[in-house]
Amino acid sequence: MHQQKRQPELVEGNLPVFVFPTELIFYADDQSTHKQVLTLYNPYEFALKFKVLCTTPNKYVVVDAAGAVKPQCCVDIVIRHRDVRSCHYGVIDKFRLQVSEQSQRKALGRKEVIATLLPSAKEQQKEEEEKRIKEHLTESVFFEQSCQPGKNRAVSSGPSLLTVFLGVVCIAALMLPTLGDMESLVPLYLHLSVNQKLVAAYILGLITMAILRT
């Protein structure tokens, strides 16, 4: 009954779409990066069908460019770069993932993912390291001027305990039953709404990105 009441509220283009990662980087000198995976999550109580569109489809091969995702499941979409030439270095392409209900044709939501081809991973790492050094020097000067004597800041060696705790809380929230699930043995006050689970899934995605970048 709860699902039937929510269905009319689904407005075309307003449904949040959860995809990870939101950026694909291919390196010409590293063949292992020529194949990348997009993961599409479905935290909802109903199945979704999806379609993958691209601004330059001749440059990529998308395995299973259309399909379906069961409720509270995810699906991996493999994308291969098949035109690794120097004339494409630095060009930003875009993929668009459109989702809709299986019984309807209108797109309930969409998400764009950018894709870039770079010549070398080593050059990219070198540029990022130079950028980090410049930022560190700038911050050092700032701290020396504002508080003397200045102490060297400890370099982060991994995710903080707070980040890990928030991740565990989000995972636990996603595992709790949804409002309206009368067959669950979990107390009613622990049942979460779809919107609460969406927030937990979104926060979990941000935490995952933060951990991967540390």
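Q: Is Phe95 buried or exposed in this structure, and why?
A: The general idea is a cut-off: under 20% relative accessible area, a residue is called buried. In this predicted model, Phe95 has 0% relative accessibility, so Phe95 counts as buried.

Q: What about Tyr60, buried or exposed?
A: Try the cut-off again. Tyr60 comes out at 5% relative accessibility, and therefore counts as buried too.

Q: How many aromatic pairs are there?
A: Rings count as a pair if their centres lie within 6.5 Å. That gives three aromatic pairs here. One of them is Tyr44 with Phe46, a stacked pair with 5.4 Å centre to centre and 15° between the planes. Tyr44 and Phe46 are both buried.

Q: And how are the rings of Tyr60 and Phe95 arranged?
A: Look at the angle: planes over 60 degrees apart count as edge-to-face. Tyr60 and Phe95 have 70° between their planes and 4.9 Å centre to centre, making the pair edge-to-face. This pair links distant parts of the chain, with Tyr60 in strand S5 (residues 60-63) and Phe95 in strand S8, 35 residues apart.

Q: Which residues form an aromatic cluster with Phe95?
A: Phe26 and Tyr60 do, giving one cluster of three names to look for: Phe26, Tyr60 and Phe95.

Q: Which strand does S8 pair with over seven bridges?
A: Strands count as paired with at least two bridges between them. S8 (residues 92-101) pairs with S4, and the two are antiparallel. To find a spot on screen, look for Lys49, which sits opposite Ser100 in S8.

Q: How many bridges join S4 to S6?
A: Four, connecting S4 (residues 48-54) with S6 (residues 66-69), again antiparallel. Within S6, Ala66 is the bridge partner of Lys51.

Note on methods
Residues numbered from 1 in each chain as written. Predicted model: local features only at pLDDT ≥ 70, side-chain atom pairs only at ≥ 80, totals over all residues. Heavy atoms only, no water. Phe/Tyr/Trp six-rings, centres within 6.5 Å; stacked < 30°, edge-to-face > 60°. Buried < 20%, exposed > 50% of the residue type's maximum accessible area, 1.4 Å probe, protein only.
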